[in-house]
Amino acid sequence: MIPRSRRAARAVAYQVFYRLPLPLRRQLVRMAVPKYIVGAVTLLRDSEAEGAGRLLLLRQPPGRGWTLPAGLLQRGENPAVGAARELHEETGVRLAPARLTPATPNAIVHAKGWVDMVFTAEVPASTTKLKVDGAEVFEAVWHPLDDLPKLTWPTARLLAYYGIGPLTGQFPPPLPDTAP
């Protein structure tokens with residue numbers, strides 16, 4: 001329980017804050033709130049795969065591990081639009097943003113100051129043409145989920161949130177049960 005004097009001081013502070021002009025309020029919030037870089041990631045699965053399934057992974061410079069199609073959002077960009085844009089830029093796969101389903105959890109907040117908005121989609125690998133530029137992406141390959149190649153650390157950690165890959169069960173800690 002917050003002491004009465006502290007609650008009263010807080011109420012006065014909010015009254016003053018909300019009387020300030022909107023541009024000043026925004027500036028104060030920007031100064032006080034942590035800043036995050038926001039990216040969009042797509043878990044693209046092969047809709048024709050049997051068994052555990054297959055996931056599209058990328059080998060990017062420096063080529064020491066495999067990653068997911070992902071990139072930073074542009075200022076004001078809808079996360080699904082950004083995920084679709086990055087997917088197309090890195091793999092040649094063009095999907096409408098409406099075909100991307102928010103993953104659960106949809107937002108992964110990393111300790112180092114960035115947030116990944118994660119989406120899933122499925123396409124038939126046999127008829128999906130992959131096209132990489134050779135500069136930003138060396139290769140795009142479908143990999144069986146039960147036999148993944150060496151992943152980059154951030155990719156392995158992100159996939160663990162979805163029960164995929166070598167770090168499954170290690171990261172993240174289980175979410176608390178909020179059911180009544």
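In helix α4 (residues 153-160), the residues Thr 155, Ala 156, Leu 158, Leu 159 and Ala 160 are buried. Buried means under 20% relative accessible area, exposed means over 50%, and partly exposed lies in between (1.4 Å probe, protein chains only). Helices (H or I, at least four residues) and strands (E, at least two) are DSSP runs, numbered from the N terminus. The buried residues of α4 are covered by elements that include β1, β2, β3 (66-67) and β6.

The model is predicted: local features need pLDDT of at least 70, side-chain atom pairs count only at pLDDT 80 or more, and totals for chains, interfaces and linings use all residues. Residues are numbered from 1 along each chain as its sequence is written, and side-chain values use heavy atoms, with hydrogens and water left out.

His 110 sits in the loop between β5 (101-109) and β6. Contact means heavy atoms within 4.5 Å. Leaving aside neighbours within four places in sequence, His 110 is in contact with Leu 158, Tyr 36 and Asp 116. His 110 counts as buried because its relative accessible area is 14%.

Next comes the nonpolar interior. A nonpolar core is a set of buried Ala, Val, Leu, Ile, Met, Phe, Trp, Tyr and Cys residues joined through side-chain atoms within 4.5 Å. The largest such core has 21 residues, of which Leu 44, Leu 95, Leu 100, Phe 119 and Trp 142 touch the most other members. Two or more residues come from each of β1 (37-46), β2 (54-59), α3 (79-91), β6 (114-123) and β7 (139-144). Strand β6 gives the most to this core, with 5 residues. Leu 95 touches Leu 44, Ala 84, Leu 87, Leu 100, Ala 121 and Val 123, not counting residues up to four places away in sequence. Apart from this core lies another, of 19 residues, among them Leu 43, Ala 103, Leu 145 and Leu 159.

The C-alpha atoms of Thr 101 and Phe 119 are 5.3 Å apart, although 18 residues separate the two along the chain. Thr 101 counts as partly exposed because its relative accessibility is 44%.

Charged side chains form another set of links. A salt bridge is a side-chain nitrogen of Lys or Arg within 4 Å of a carboxyl oxygen of Asp or Glu. By this rule the count is 5 salt bridges. Asp 46 pairs with Arg 54, with the closest N and O atoms 2.8 Å apart. Asp 46 is buried, at 7% relative accessibility, whereas Arg 54 is partly exposed, at 28%. Glu 139 forms a salt bridge with Arg 59, also with 2.8 Å between the closest N and O atoms. This pair links distant parts of the chain, since Glu 139 is in strand β7 and Arg 59 in strand β2, 80 residues apart. Arg 85 and Glu 86 meet in a salt bridge of 2.9 Å, N to O, and both residues are buried. Salt bridges with shared partners join Glu 77, Arg 85, Glu 86 and Glu 89 into one network.

Last is the division into domains, whose bounds come from an automatic or database domain assignment. That assignment gives domain 1 (1-33) and domain 2 (37-161). Their C-alpha centres lie 40 Å apart.
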